[in-house]
Amino acid sequence: MTCEKTQEKFADYLTGDLDEAGRAEVQAHILGCQACRQDLENLTVVWAKLGVLPEEQPGSVVRARFYAMLEDERRKIARAAAAAAAPRSRFAGRFSFRRPAFAASFSAFLLLVGLGAGWLISGARRGGGSYAALSRQVQDMRQQVALSLLNDPSASERIQGVGYTAEVKNPSDATLAALFKAVDADPNPNVRLAAVDALYLFRDRPGVRESLVRSLSVQTYPLVQVALIDFLVEVREAKAADALKKLIDAGELTPDVKKRAEQGLQQIAL
């Protein structure tokens, strides 16, 4: 058989579709033809990579061992499951409502739970006054810390003090006064800005808006001026209109601050 005829049968040879006579002819040819043998080896590798060749099937002995091993594992699992189930059934039997002792014990447990819940609820009601007193003490301590920090030489400490005041629900007059002072007189603009932001939380307290209206006339730092204008516009403080007019007419504002003041004046007038 020529090389060409042999190579035409390579596909059927590799896929097992060639009969015994055909396989014998191919094998006989490649034994004596190194070129065709090399072509067949290369083709075998390529087909194997492509997954074209049929998978190798295990022999009967291997299959028998596998099933024997599988059956052995199945029996082990069944024995383990049976051993684990036996104690649970006995345990469950003890806690069945069919047993009078368990039913009586469970009823007693429910009674104790009810009594305990009642005691806790009544205790919580009795302790409500103590909780309110404790909350007030915490608020007072927080304000004392804030006032102390606002007098600190460090600007970062004073900013922290302003932060403490923002956590107070109902600040004292002394705390508000310290914030007003920070807005008007603190040498650091960042502290002044932080104080303006903190006072926004207490904008409905009497005197807060009026104090910030007065601050407009003493501020010279542009960012603080803008912060005050934004604050007063946000709360629609009518008393700020005159202060804004004076500020604009004074001619001492930067162009950006003047523009913001003019806008704020229009917004308050709406």
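How many residues does helix α3 have, and how far does it reach from its first C-alpha to its last? Helix α3, which covers residues 20–32, has 13 residues and reaches 19 Å between those two end atoms. That is close to the 18 Å expected at 1.5 Å a residue. Keep in mind as you look around that this is a predicted model.

Stay with α3 for a moment and look at what its side chains are doing. G22, V26, H29 and I30 are buried. Looking down the axis of α3, you'd find these buried residues within an arc of 95 degrees, so they line one face of the helix. Now turn to the face pointing away from that buried side: there sit the exposed residues E20, A21, A28, L31 and G32.

Rolling a probe the size of a water molecule over the atoms shows where empty space is left. The largest pocket has a volume of about 170 Å³. The largest share, four residues, comes from α9. If you want to find the spot by residue, look for L147, L150, N151, R158, A178, K181, A182, A185, D186, P187 and V191, which line the pocket. Sorted by class, that lining has seven nonpolar, one polar and three charged residues.

Now for the charged pairs. Side chains of opposite charge can pair when their charged atoms come close. The count here comes to eight salt bridges. One of them joins E167 and R142, at 3.6 Å from N to O. This pair links distant parts of the chain: E167 is in the loop between α8 (155–166) and α9, while R142 belongs to helix α7, 25 residues apart. Are these two buried or exposed, or something in between? E167 counts as partly exposed because its relative accessibility is 44%, and R142, at 24%, counts as partly exposed too.

Further along, R209 forms a salt bridge with E237, and their closest N and O atoms are 4.0 Å apart. R209 lies in helix α11 (residues 208–215) and E237 in the loop between α12 (222–234) and α13 (240–250), so this bridge ties together parts that are 28 residues apart in sequence. E237 has a relative accessibility of 9%, so it counts as buried.

One more pair is worth a look: D230 and R260 meet in a salt bridge at 2.7 Å, N to O. Since D230 is in helix α12 and R260 in helix α14 (residues 255–269), the pair ties together parts that are 30 residues apart in sequence. D230 is partly exposed, with a relative accessible area of 33%, whereas R260 counts as buried at 18% relative accessibility. Finally, salt bridges that share partners join D204, R209 and E237 into one network.

Definitions and conventions:
Residues are numbered from 1 along each chain as its sequence is written. This is a predicted model: local features need pLDDT of at least 70, side-chain atom pairs count only at pLDDT 80 or more; totals for chains, interfaces and linings use all residues. Side-chain values use heavy atoms; hydrogens and water are left out. On a 1 Å grid over the protein atoms alone, a cavity is a set of points where a 1.4 Å probe fits but cannot get out, and a pocket is an open set with protein on both sides within 12 Å along at least five of seven lines; lining residues have an atom within 4 Å of a point. Grid points are joined across faces, edges and corners, and a volume is the space filled by probe spheres set on the points. Ala, Val, Leu, Ile, Met, Phe, Trp, Tyr, Cys and Pro count as nonpolar, Asp, Glu, Lys and Arg as charged, and the others, Gly among them, as polar. A salt bridge is a side-chain nitrogen of Lys or Arg within 4 Å of a carboxyl oxygen of Asp or Glu. Buried means under 20% relative accessible area, exposed over 50%, partly exposed in between (1.4 Å probe, protein chains only). The expected span of a helix is 1.5 Å times one less than its number of residues. The arc is that of the directions from the helix axis to the C-beta atoms.
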